[in-house]
Amino acid sequence: MNDTTSALSPREEPEAHGAPLRRFTDPSYVPLCASLAEVREHIDAIDQQIVALLAERGRYVKDAARFKRDAFQVSAPQRQLEVIEKVKALAKKEGAYPEVVEACYLALIEGFIAREQQDHQGMIDAEAQP
Ligand SMILES: O=C(O)C(=O)C[C@]1(C(=O)O)C=C[C@@H](O)C=C1
């Protein structure tokens, strides 16, 4: 199949149990799975771990709110830059797609800050009387 025939094909989801339809030209590429279904099993298992780690990360972000005075400190822009630089370096080291890692973390931090701002607004000063 080439680009012309693929453009004329009906728009349907890929066959999860079918044989490969394309191959990489790089002779050193080693396939990981025998089917798309198997690929997706691995992705689903990884997603489970990622979400569990996001839950754990979220608990630490919540705790961070206790150490901050106001909305600017919650936002902590200098720390945001540090986190982005750190994960970009990690992506390089781990062989992850750097643009994917950066985009994920920009979205993640935006989401975590919004939650932390919400948590912070619901808190009282540590010295305040109950
Ligand atoms: O390091 C902090 O101060 C946090 O609250 C954590 C975190 C993050 O998600 O990494 C969240 C909000 C800040 O913008 C900076 C970083």
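1. Glu110 sits in helix α5, and its C-alpha atom is separated by 12 Å from that of Val61, which is 49 residues away along the chain.

2. Please keep in mind that this is a predicted model, in which local features need a pLDDT of at least 70 and side-chain atom pairs count only at pLDDT 80 or more, while totals for chains, interfaces and linings use all residues. Residues are numbered from 1 along each chain as its sequence is written.

3. On confidence, the protein averages a pLDDT of 94, and 95% of the residues score at least 70, where pLDDT is the predictor's confidence in each residue on a scale from 0 to 100. For the complex, the predictor gives an ipTM of 0.98 and a pTM of 0.90. Where pLDDT is low, the predicted coordinates should not be read in detail.

4. The protein has five helices and zero strands, so that helices (DSSP runs of H or I, at least four residues) and strands (runs of E, at least two) are numbered from the N terminus, and the order of elements reads α-α-α-α-α.

5. As for overall shape, the C-alpha atoms fill a box of roughly 70 × 30 × 25 Å along the principal axes. The radius of gyration of the protein is 22 Å, whereas a compact globule of 130 residues would have one near 14 Å; this radius is taken over C-alpha atoms, and the globule rule is 2.2 Å times the number of residues to the power 0.38. Of the 130 residues, 3% count as buried.

6. The ligand is surrounded by Val61, Ala64, Ser75, Ala76, Arg79, Gln80, Val83, Ile109, Phe112, Ile113 and Glu116, a residue being near a molecule if its C-beta atom, placed from the backbone, lies within 6 Å of it. Two or more residues of this shell come from each of α2 (36-64), α4 (77-94) and α5 (98-121), and α5 gives the largest share, four residues. The shell divides into seven nonpolar, two polar and two charged residues, where Ala, Val, Leu, Ile, Met, Phe, Trp, Tyr, Cys and Pro count as nonpolar, Asp, Glu, Lys and Arg as charged, and the others, Gly among them, as polar.

7. Ala76, one of the residues around the ligand, lies in the loop between α3 (71-75) and α4. The phi angle of Ala76 is near 40 degrees, a positive value in a residue other than glycine, and Ala76 counts as partly exposed because it has 16 C-beta neighbours inside 10 Å.

8. Two further loop residues deserve a look. Arg66, in the loop between α2 and α3, is exposed, with 10 other C-beta atoms within 10 Å, and its C-alpha atom is separated by 9.8 Å from that of Glu116, 50 residues apart along the chain. Asp26, in the loop between α1 (3-8) and α2, counts as exposed with 7 C-beta neighbours inside 10 Å, and Asp26 and Pro10, 16 residues apart in sequence, are 29 Å apart in space, C-alpha to C-alpha.

Definitions and conventions:
Buried ≥ 20, exposed ≤ 12 C-beta atoms within 10 Å, placed from the backbone.
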